[in-house]
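Hi everyone, thanks for having me.

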Amino acid sequence: MKILAFESTCDETAVAVVEDGRHILTDQIFSQAQLHAVYGGVVPEIASRCHVESISLLAQRAIEAAGITRAEIDAVAVSYAPGLIGAVLVGVNFAKAAALSLGVPLIPVHHIRGHIAANYLAYPELEPPFLCLAISGGNTILVDVRSYTDMKILGATRDDAAGECFDKTARVLGLPYPGGKPIDELSRGGDDSKYVFPLAHVAGHPYDMSFSGLKTAVINLVHNAEQKGEEIDRAALAASFTKAVSDSLVPRTVAAARELGYGKVVVAGGVAANSRIRADFQKAAEKEGFQLYIPPLKLCGDNGAMIGAQGYYEFLAGHTAGSDLNAYATMEL
């Protein structure tokens with residue numbers, strides 16, 4: 001089954017062709033990062049306009065790169081929630097038109113389910129059930145993946161997502177947007193014990209997280225140093241900040257896997273590209289004896305292939321939509 005898949009929830013326009021939920025025939029991505037970098041973050045109106053300008057060309061390019069004809073497309077999948085509403089609407093409306101014109105089923109896919117499914121593309125042997133930590137710019141959640149379409153949230157951030165904190169910390173350090181990669185590079189070799197940052201805990205909810213205090217602590221530290229004319233060890237700050245994020249994520253994930261008795265732990269989303277977090281999870285896996293699955297860097301960020309992968313399993317579960325499908329800025333997993 002060949003699925004033409006669309007992703008446009010934030011600042012990447014992506015169109016892919018995925019076969020049987022496991023094989024990428026092509027994954028075409030247009031990143032708007034340079035357009036938004038001057039503003040230090042994503043400008044929703046600019047993102048929406050760029051999606052409109054690029055999605056049709058990307059769709060045609062994807063079909064050509066996959067080496068197929070339009071007649072060989074069996075279904076169309078699209079990320080319909082959550083995300084920047086204007087951006088999501090572009091992908092949903094184009095996907096609806098594509099499905100209608102091709103006469104094939106339309107499959108709505110939750111964006112976070114797509115991130116989880118990126119691991120199916122990287123690891124053909126991976127099957128539910130397993131525990132997944134999904135970490136990105138807009139979401140940080142622990143998920144009990146019981147089947148391909150049956151999932152339960154065990155814990156989530158109460159405020160900021162981990163990825164957002166990376167971007168805000170990068171901004172205060174004068175690093176370019178998006179901040180994940182620059183902080184990762186700056187932190188290597190830095191003293192991760194030089195600055196001590198708070199680790200939040202939510203009483204009665206051991207798997208819930210909070211990152212707003214960490215973000216505020218970083219901003220206050222930098223601003224106070226600037227006011228006093230003191231020099232910040234930027235590499236050490238980046239390393240200490242990254243350690244604090246990892247120390248919030250890894251122990252909770254390990255504890256949840258231990259409680260559920262899962263021998264498989266999956267990490268997904270853009271923040272999963274961070275080298276410190278990947279290394280800490282690897283150490284935890286070796287210590288605890290569970291199998292660890294983290295997608296390659298190219299599948300950590302937003303892409304169309306992950307939507308096509310999850311779309312296949314949504315289709316098998318009978319989850320299709322009609323021309324009345326809408327886009328949503330927020331939606332439970």
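Which strands does α10 lie across? Before I answer, please keep in mind that this is a predicted model. Helix α10 lies across β1, β2, β3, β4 and β5, and runs at about 125° to β1.

Let's look at the sheet itself. Its five strands form an open sheet in the order β3-β2-β1-β4-β5, with mixed pairing. At the edges you'll find β3 (23–31) and β5 (106–110), each of which pairs on one side only. From one strand to the next, the twist averages 20°.

Now find β1 (residues 2–7) and β2 (residues 12–19): they run antiparallel and are joined by six bridges. Phe6 stands opposite Val15 in β2. Another helix, α2 (residues 44–66), lies across β1, β2 and β3, at about 25° to β2.

Next, the aromatic rings. To describe a pair of them, we use the distance of the centres and the angle of the planes. Take Tyr120, which is buried, with a relative accessible area of 0%. Its ring centre is 5.1 Å from that of Tyr148 and the planes are at 75°, so this pair is edge-to-face. Tyr120 sits in helix α4 (residues 111–122), while Tyr148 is in the loop between β7 and β8, 28 residues apart.

Tyr313 brings us back to helix α10, 193 residues from Tyr120. Tyr313 is buried, with a relative accessible area of 10%.

Finally, ring pairs link Tyr120, Phe130, Tyr148, Tyr312 and Tyr313 into a cluster.

How values were computed: Residues numbered from 1 in each chain as written. Predicted model: local features only at pLDDT ≥ 70, side-chain atom pairs only at ≥ 80, totals over all residues. Heavy atoms only, no water. Phe/Tyr/Trp six-rings, centres within 6.5 Å; stacked < 30°, edge-to-face > 60°. Helix = DSSP H or I, 4+ residues; strand = E, 2+ residues; numbered from the N terminus. Buried < 20%, exposed > 50% of the residue type's maximum accessible area, 1.4 Å probe, protein only. Pairing = 2+ DSSP bridges. Axes fitted to C-alpha atoms, helices over the stretch in contact; angles between N-to-C directions. Contact = heavy atoms within 4.5 Å.
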